[in-house]
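The following paragraphs lead through selected secondary-structure packing in the model shown here.

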Amino acid sequence: MIIHHPILGPRDAQEFVYLGDASLIDRPDGMTAGVEEFHDYLYQRTNPAGEHQELWYHEQGDRSWLVVTRNTVTHEITKVELARDVARARGRTK
Amino acid sequence: MSQSNRITGGQIDRTKTLRFTFDGIPYQGHPGDTLASALLANGVRLMGRSFKYHRPRGPISSGSEEPNAIVELRTGGRQEPNTRATVAELFDGLTANSQNRWPSLRFDAMGINDKLSTFFAAGFYYKTFMWPKSFWEKLYEPIIRRAAGLGSVTREEDPDDYDKGFLHCDLLIIGAGPTGLMAALTAGRAGKRVILADEDFRMGGRLNAETYAIGNTPGADWAAAMVAELATMPNLRLMTRTTVIGAFDHGIYGAVERVSDHLPTPAKGKPRQVLWRIYAGKAILAGGATERPIAFENNDRPGIMMAGALRAYANRWGVAVGQRVAVFTNNDDGIRTALDLKAKGVDVVAVIDSRQGGDLLPGVRHLQGAEVIDTSGKLGLSSITVRQTNGRSETIAVDALGVSGGWNPNVNIHSHHRSRPVYDASIAAFVPGPEGPPGLLVAGAAAGHMSTHAALKTGRDAAIAALDLGSAPDLPQAEDAPVRVSPLWYVHHGKGRAWVDQQNDVTVKDVKLAKQENFTSVEHLKRYTTLGMATDQGKTSNVIGLAIMAELTGRSIPETGTTIYRPPYTPVAMGALAGRSRGKEFKPFRLTPSHHWAKEQGAIFVEVGNWLRTQWVPKAGETEWRQSVDREVLATRKSVGICDVTTLGKIDIQGTDAGAFLDKVYANTFSTLAVGKCRYGLMLREDGIVFDDGTTARMGENEYVMTTTTANAVTVFRHLEFCRQCLWPEMDVQLISTTEAWAQFSVAGPNARKLLQKIVDQDISDAAFPYMGAGNITVCGGLRARLFRISFSGELAYEIAVPTRYGDSLLREMLARGAEFDPIVYGTEALGVMRIEKGHVAGGELNGQSTALNMGLGKMVSKKKDSIGMVLSQREGMVQDNGYRLVGVKPVNPQAKLTAGSHFLEKGAAPVAANDGGWLTSKVYSPHLGCDIALGYLKGGDKKIGQRMRIVNLLAGLDTEVEIISPQMFDPEGERLRG
Amino acid sequence: MRYSGFRVIAEALTGHKGWKPVWRDPTPQAEYDYIIIGGGGHGLATAYYLAKEFKQSRIAVLEKGYLGGGNVGRNTTIIRSNYLLDGNEPFYEFSLKLWEGLEQDFNYNAMVSQRGIINLIHTDAQRDAATRRGNAMIMHGADARLLSRDEVRQMYPWLNFDNARFPIKGALMQPRGGTVRHDAVAWGYARGADQRGVDLIQNCEVTGMRIENGRIKGVETTRGYIGAKKVGVAVAGSSSKVMAHAGMRLPIESHVLQAFVSEGLKPLIDGVMTFGAGHFYVSQSDKGGLVFGGDIDGYNSYAQRGNLPVIEDVAEGGMALMPAIGRVRLLRTWGGIMDMSMDGSPFIDKTHVEGLYFNGGWCYGGFKATPASGWCFAHLMAKDEPHKTATAYRLDRFRKGLMIDEKGQGAQPNLH
């Protein structure tokens, strides 16, 4: 597969390490959330057959975490964003 | 008998003679020959035996789809089983042997299976061999396994090299027949970067096997001229002997180039084969078509082959497969064979045409509405029996029969993304479906366009479409005959066997039996009968098999459908897929800064991930590893020892939020750590299990240096980047891995300070550099360095780091300048002994299954702040009172041996799971305690200190009484490390 | 119809006219007591044991494609019970014992062949872990042996002993491990279930579930609505898709695993072997092909096909271990959808919907589990309580912190 890195352009997917669903960005706050919320965050997956937002890490590259929108049936990639931008857009702070 | 079947013409170089042997018998051929063409030229038709019935077989094709003529090529470490004689290029000195026969190809004892074939119907083995139960493994299966298989594998290492490479292009063209050549010309002239790959050693595809002209030039000559022109284009790469094996995601294609298979051995420095990963903007599949047989009784004898192959041998290789030849066809293309052979002077005794009506061929006995219903000939064809339209049967003496059931477009690569081909009744074949791999176009015969004109036109048009070109070359004149085919899948006649899959011996009867037993899905048909599972992956058999099933079930062919096409297109040598990653080069070596020094000393090394670490450093006279390790431990604890700990992960963490960041990623607190101090840190995964540990030092207000375990250096860094970028993107914190930047040594023992003071420029007295101190220093008069007063061994100890390139010098300097203290260098074994004596956790305990509580470190998980893993570490199943706790263990009898991995049992308890108390995680011999000691996880272990239990190792029959002790087995008060 | 050697001979001598369909093609009835969604190995085994062992009737298996077309038809055929953890080992040992009597039980030769499995050891730490595991296996009633380097060498002298990047230092062996002819398992269960009146309905995809007042009523399918008192789902890689019909999210991701077979070869490898220093395992089929595999591709996928890097990675492992196979040719690659769970272990459990049961999360290890999975799922569905060997396979185990994490990789499915 080829991932079009927003900064570095097309890169072979072999340069990346895969983590999983980009919902892993949405970590609850441990001081307010309990086991139930963390359970849903860490363990439960929508696991769609179709469009999937997912986290890839450019380990053999610039160390960016990316959010890749990829179809799990066709493997077509339609969008690649810096995970940091996505995280900020989702309101994550310090 | 020297090339008795050689006739005129062909693209072989008759000026040179190549000698080769088959089953030990010498033969001659010419450059341009394949093994099959050369053997046929020498009158050899029998080249193999079938898988199940051991039927005599000869080639049925002239290409890579060949299921029958497969041989063992070469000898020794280069012995190559299952090589298709039809594509093996002849070279001088080639050695080939037949396979899957005993004692010889002509007299194969396993041919008895053929006589008993009625008992070996499809799937018979699923219905028997069940009684008595034990006989399957003891009797039946061993016999089956010995009989099964085709060629044999050498036990020697493959002596040849394989390489891998990357190629990039605007357009990849798969196949260099008329379609591919025209596409290449179109794209090449437009200046695009083009790769033209063909599996054959000669480009031109079917043009090399045909007689018709393009423009005014014979097709083969036109192809040669075209190749010559293309070769002049710098933007075009011509790759012969290169098979595109698969279409993968996003325009990546795999291809194998057989660089040296046509040579006795690879030229010096050259690989045997290269695996190319081709990154193509667009691709055109111009892979042509494969002729399919018709099933009729005894259609598998040597001498019976595809009509197109028969004329390919005549036209391209100058070989008349037989002296009296017949053709059996259901389409016009078969007629061409008769005409071509006749033109070459071969005696064409009959054309058996299953179709009715139309013009009769002049000068040839043309039997319309007729079918071949049987054949005879023991090791090769001697006659055929023909049923004419009036029902009369006639036996005709022939020694070769060309069969044409029509042509199947080579849709394979287009279907590699699991899109299914669709049936085109006009050519009675499957053509590529509407959806294939993005960016892959199909042209020519592969797309079902069977005439030469259509090939040229669709090749050109595909290049235009793929690259959005404005101009294109004119098309030369070429034949544009329509496909005229009347489907005939099998001849309805009699009770004999008619082969569908020749290699696997699947007959029409087997297909009927599958239908009778309701294995009617094509997948069930395949799996039950093994149809299409041979080395040709059904290229010569699948379509007729499914068409027969369609007829039997009353379904249409499209309803019946095909099985799935999978990579590789043709079988690929494992060596090519592995490339250079084999032997010692399987994975790269990472060497520590002290590696060269250690090698000079004759050190023993151990693989730790990709690192090679010093395991111990034997001294003269030491014959047992324990002698060296004990000495290293004792010397360190007595005076001073040095250990290379460069492999530990090192991460610089900087920024105004560095401390807050560490509080998030560590279970304990780091924001409160004083500048110039270190702290032991415990890192959890989000699921609350211990991830990693290490010391982290605060080098400045906004600057920390983290160490990780060797094993987790990469994953911890990845995790920290995840936390930084994805979880807390607004934190001002920067990370960089400095694992390779710093050479780091542990210096431990009562004289550690004294030794270090000889190279460190600053005062490192206890007052100036107290326990858990950290700082930037200089050594040897100004070289920048880092010093941490931390101890894994329990001794007064430091870790000192210098830029990696000075690591070797630093070690030598420390040993030289500190000589008066008799410093030793210790390896990972002594390191392990000392850390276990101190009860420090490492690999065996950090197993990814253990909590801080299990390790006795539960109090380190701060609940006052949010950190990774904090919440989930509190789940009910993970905070049980009687859970595993880390304990120390020593045998009651000091002579008794312990084994890591042994399990705890109470005295008198039976060794069953219900009594399983836990296990030993790590074990060493402690020269200080004079016995084996171990760490272990024991259920409720914190309450069992001082008790006696048993350790059992049921794999070795060991059962040992032990005492449960504190994990801190040496200097529990920690007086030495503060010294 | 009962199969036997006598029957084979008798049929051979009379033109094979007497063989009957191995299963019927029934039309779906309006309602069943039990519907099993998924006509793969686990679903067919569940139906078989429901009928045979738990004496239930009015059972249907709904399969969207052809019987045995999922992972039971595309795995690398290995059976073993060499698990480490208490939650797993009793279950897999139960499964292995069922394998040992399976062919006589369902009267079909699935070629269960216990030629042994060895896990090669390359480091002291691996030996320690193997010792822990081997002892756990024996304590659970399984068999295990620790082999020395020399013993391994005696078995397979042509492995890379002398020029290896990661030297072979021994192996953990389970002599009762082995292989089974995978398709035949599906067919044997299907035939056995069909003979006991189970309706096996192919080309019937479930498109919805009818749930009223928290209770399952039936399923919508491409062949119409079918009522059911109890519905069991055993659809492996499609688990998330099917359970979404009941509004459930699962601790499962779907990943592609590729598998490989070489051209047919004369005998080279007798048993099963796993390489401890790379992603590679191999056995040789009775037909002669080397059947091998390695790691999953590592990204979520329903495509049932993989990419080149893993093909290369597996070949590298193979060549590193077996330097003689350079000229052996890879014949075919394929891919299946793995229901990768969050701790690498499966689920056999009830759900929040009364009468709806779930079986999944088998990762790439479901084949060896087939008999016990079917038995335990049937037990759960018939008795509404878990079988004693499958009590740990609960959907709520992550809530409680009771993970069954054999590899210690944590909540990241592609690492298991």
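Two strands pair if DSSP finds at least two bridges between them; strands (E, at least two residues) and helices (H or I, at least four residues) are DSSP runs, numbered from the N terminus. This is a predicted model, in which local features need pLDDT of at least 70, side-chain atom pairs count only at pLDDT 80 or more, and totals for chains, interfaces and linings use all residues. Residues are numbered from 1 along each chain as its sequence is written, and chains are lettered from A and ligands numbered from 1 in the order in which they are written.

In chain B, an open sheet of five strands has the order β17-β24-β18-β19-β20, with parallel pairing. Each of β17 (304–306) and β20 (366–368) of chain B has a single partner strand, so one side of each lacks a neighbour in the sheet. From one strand to the next, the twist averages 20°; angles run from 0 to 180 degrees between N-to-C directions, and axes are lines fitted to C-alpha atoms, for helices over the stretch in contact. β17(B) runs parallel to β24 (residues 400–404) of chain B, joined to it by three bridges. B:V403 in β24(B) is the bridge partner of B:M306.

Turning to the helices, α9 (residues 508–516) and α11 (residues 542–553) of chain B pack at an angle of about 45°, their axes 10 Å apart. α9(B) is therefore oblique to α11(B), where angles under 35 degrees count as roughly parallel, over 145 as roughly antiparallel, 65 to 115 as roughly perpendicular and the rest as oblique.
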